[in-house]
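Open the model in your viewer and keep the selection tool at hand.

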Amino acid sequence: MSQTDLEIVVDDPTAPEDDSPSVVSSGTVEIVVCLLLLALAATLGYDNWRTGASWDSTGPEPGYFPFYLSVILGGGSLYGLIVALLARRAASETFVTRAQARRVLAVFVPTLLFCLVMQFLGLYVASFLLISGFMRLVGKIALWKSLLTAFLFTAIMFVTFDVAFDVIMPKGPLEAAFGR
């Protein structure tokens, strides 16, 4: 056996348990996604048709190309919906279990909160809170390492974007207190 054929397997102690109950089936998710894409296609199609989806004396109107893209999206969504409905009779496969959903939400909820907090405290303070929170709560890393890493990352980000390149970033009251 050559060295390239060896496989190292490491167990993840935080992996979701195998016997966790199902939250939703794959078929249900496929149907919901197809319906959402179909609604998006209808909305975009109507809006681009309203803007103008034909040819005039100077060429195509502004909505011509996007209208036909929305028609293609709608057709693909209808095809996916029909396939998902016909396949629904087969055995339903689990899309996500409760334990897996919990792990996804452990990342999604703080990221959503980051987006909301950024509106009020600015990008840099929100980034500091997100990074230090993730490292401490999700990664179980020591508090001082989490705070130091978050501070250094945020400081480097501030110097890079705000000082060196003068990029306009969302700022909050802390930056205003420092006159930035």
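**Stop one: the largest pocket**

This is a predicted model. Start with its largest pocket, which holds about 290 Å³ of space.

Select Tyr124, Val125, Phe128, Phe151, Thr154, Ala155, Phe158, Val159, Leu174, Glu175, Phe178 and Arg180; these residues line the largest pocket. Colour them by class: 9 are nonpolar, 1 is polar and 2 are charged.

Which helices each supply at least two residues of this lining? Select α3 (98-138), α4 (143-164) and α5 (173-177). α4 gives the most, with 5 residues.

**Stop two: α3**

Now show α3 alone. It has 41 residues, yet its end C-alpha atoms are only 18 Å apart. A straight helix would reach 60 Å at 1.5 Å a residue.

Where is the kink in α3 centred? Go to Gly122: the kink there is about 125°. Next, step past the end of α3 to Lys140, whose phi is positive, near 55°.

**Stop three: the annotated spans**

Take two of them in turn. Residues 67-87 are 100% helix and 0% strand, and the end C-alpha atoms lie 30 Å apart. Residues 143-165 are 96% helix and 0% strand, with 32 Å between the end C-alpha atoms.

Terms used. Residues are numbered from 1 along each chain as its sequence is written. This is a predicted model: local features need pLDDT of at least 70, side-chain atom pairs count only at pLDDT 80 or more; totals for chains, interfaces and linings use all residues. Side-chain values use heavy atoms; hydrogens and water are left out. On a 1 Å grid over the protein atoms alone, a cavity is a set of points where a 1.4 Å probe fits but cannot get out, and a pocket is an open set with protein on both sides within 12 Å along at least five of seven lines; lining residues have an atom within 4 Å of a point. Grid points are joined across faces, edges and corners, and a volume is the space filled by probe spheres set on the points. Helices (H or I, at least four residues) and strands (E, at least two) are DSSP runs, numbered from the N terminus. Ala, Val, Leu, Ile, Met, Phe, Trp, Tyr, Cys and Pro count as nonpolar, Asp, Glu, Lys and Arg as charged, and the others, Gly among them, as polar. The expected span of a helix is 1.5 Å times one less than its number of residues. The bend at a residue is the angle between axes fitted to the seven residues ending there and the seven starting there.
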